[in-house]
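Reader: I would like to go through this model term by term. For each label, give me the value and the cut-off behind it.

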Amino acid sequence: RKYKSESTTDIIANPLLPVADTVRLLEGLPYALTNAQKKAWQEIESDMDATLPMNRLLQGDVGSGKTLVALMSMLIALDNGYQACMMAPTEILAQQHYNGLAPLLESVGIRCALLTGSTKAATKRSISAQLASGEIDFAIGIAPDFRTRCEIMSLWVFGICELSCKN
């Protein structure tokens with residue numbers, strides 16, 4: 001479901017367009033996107049080209065490629081000179097995302113960092129300073145670390161990875 005703001009203060013002056021990093025990452029994948037991923041990506045791309053903020057829920061089964069589609073939307077922000085963050089509900093999931101995404105991101109020249117509860121204090125300070133100065137493009141972490149430790153220079157996209165539990 002798309003979010004439509006009633007306020008003119010929520011209008012984005014410069015819509016974002018995908019460029020080199022997004023294309024290079026997609027070309028470097030060892031597989032093709034599924035039709036469902038392509039459809040979700042096209043909708044997100046269209047929303048990010050609009051002048052209103054986007055709130056979007058991307059849902060699917062485990063392993064259906066939600067993280068890749070979310071990453072592609074974040075790459076649009078990175079391609080346009082902004083930063084992006086992905087927040088995971090647990091440190092284990094944040095570490096898994098970092099281990100899977102950092103090599104992809106670094107292969108296209110995107111500086112990535114992991115910020116979790118077990119990150120040493122000196123490293124947290126360094127990561128926070130690099131986020132504030134724009135030296136780090138993309139951060140992956142857990143909620144408490146983003147809420148209390150981060151000042152981010154030019155954040156455009158913030159993705160939240162949620163777990164669902166069934167009883």
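Reader: Why is Asp137 called buried?

Author: This is a predicted model, and the label comes from a computed area. Asp137 has a relative accessible area of 14%. Buried means under 20%. The value 14% falls under that cut-off, so Asp137 is buried.

Reader: What makes Asp137 and Arg111 a salt bridge?

Author: The closest N and O atoms of Asp137 and Arg111 are 2.7 Å apart. The rule asks for a side-chain nitrogen of Lys or Arg within 4 Å of a carboxyl oxygen of Asp or Glu. The distance of 2.7 Å meets it, so the pair counts.

Reader: Why is Arg111 called partly exposed?

Author: Arg111 has 42% relative accessibility.

Reader: What labels do Lys39 and Glu43 get for accessibility?

Author: Lys39 is at 52%, over the 50% cut-off, so Lys39 counts as exposed. Glu43 is at 30%, between 20% and 50%, so Glu43 counts as partly exposed.

Reader: What makes Lys124 buried?

Author: Lys124 has 9% relative accessibility. That is under 20%, so Lys124 counts as buried. Lys124 lies in helix H5, residues 121–133.

Reader: Which backbone atom lies 3.3 Å from a polar atom of the Lys124 side chain?

Author: The backbone oxygen of Thr116. A polar contact needs N or O atoms within 3.5 Å. The 3.3 Å distance is within that limit.

Reader: How do you know that Gln83 is buried?

Author: Gln83 is at 2% relative accessibility. The cut-off is under 20%, so Gln83 counts as buried. Gln83 belongs to strand S1.

Reader: Where do backbone oxygens lie relative to the side chain of Gln83?

Author: The backbone oxygen of Leu131 is 2.9 Å from a polar atom of the Gln83 side chain. For Ile136, the backbone oxygen is 2.8 Å from a polar atom of that side chain. Leu131 also turns up in a nonpolar core of 7 residues, along with others including Cys85, Ala113 and Ala139.

Reader: Which residues touch the most other members in the largest nonpolar core?

Author: Leu68, Leu71, Leu75, Leu105, Ile110, Phe138 and Ile140, out of 30 residues. H2, H3, strand S1, H4, S2 and S3 each supply at least two residues of this core. H3 gives the most, with 8 residues.

Reader: Met74 is also in helix H3. Why is Met74 called buried?

Author: Met74 has 1% relative accessibility. That is under 20%, so Met74 counts as buried.

Reader: Is Leu57 buried or exposed?

Author: Leu57 is at 65%, over 50%, so Leu57 counts as exposed. Leu57 is found in the loop between H2 and H3. From Leu57 to Ala70 the C-alpha distance is 10.0 Å, and the two are 13 residues apart in sequence.

Reader: What is the volume of the second largest pocket?

Author: About 180 Å³. Its lining has 14 residues, and the closest to its centre are Ala36, Gln37, Ala40, Leu58 and Gln59. H2 and helix H3 are the elements that give two or more residues to this lining. H2 gives the most, with 5 residues. The lining divides into 4 nonpolar, 6 polar and 4 charged residues.

Reader: How many helices and strands does the chain have?

Author: The chain has 6 helices and 4 strands. From the N terminus on, the order is α-α-α-β-α-β-α-β-α-β. Of its 167 residues, 38% count as buried.

Notes
Residues are numbered from 1 along each chain as its sequence is written. This is a predicted model: local features need pLDDT of at least 70, side-chain atom pairs count only at pLDDT 80 or more; totals for chains, interfaces and linings use all residues. Side-chain values use heavy atoms; hydrogens and water are left out. Buried means under 20% relative accessible area, exposed over 50%, partly exposed in between (1.4 Å probe, protein chains only). A polar contact is a pair of N or O atoms within 3.5 Å; within protein, one must be able to donate a hydrogen and the other to accept it, and residues adjacent in sequence count only if both atoms are side-chain atoms. On a 1 Å grid over the protein atoms alone, a cavity is a set of points where a 1.4 Å probe fits but cannot get out, and a pocket is an open set with protein on both sides within 12 Å along at least five of seven lines; lining residues have an atom within 4 Å of a point. Grid points are joined across faces, edges and corners, and a volume is the space filled by probe spheres set on the points. Ala, Val, Leu, Ile, Met, Phe, Trp, Tyr, Cys and Pro count as nonpolar, Asp, Glu, Lys and Arg as charged, and the others, Gly among them, as polar. A nonpolar core is a set of buried Ala, Val, Leu, Ile, Met, Phe, Trp, Tyr and Cys residues joined through side-chain atoms within 4.5 Å.
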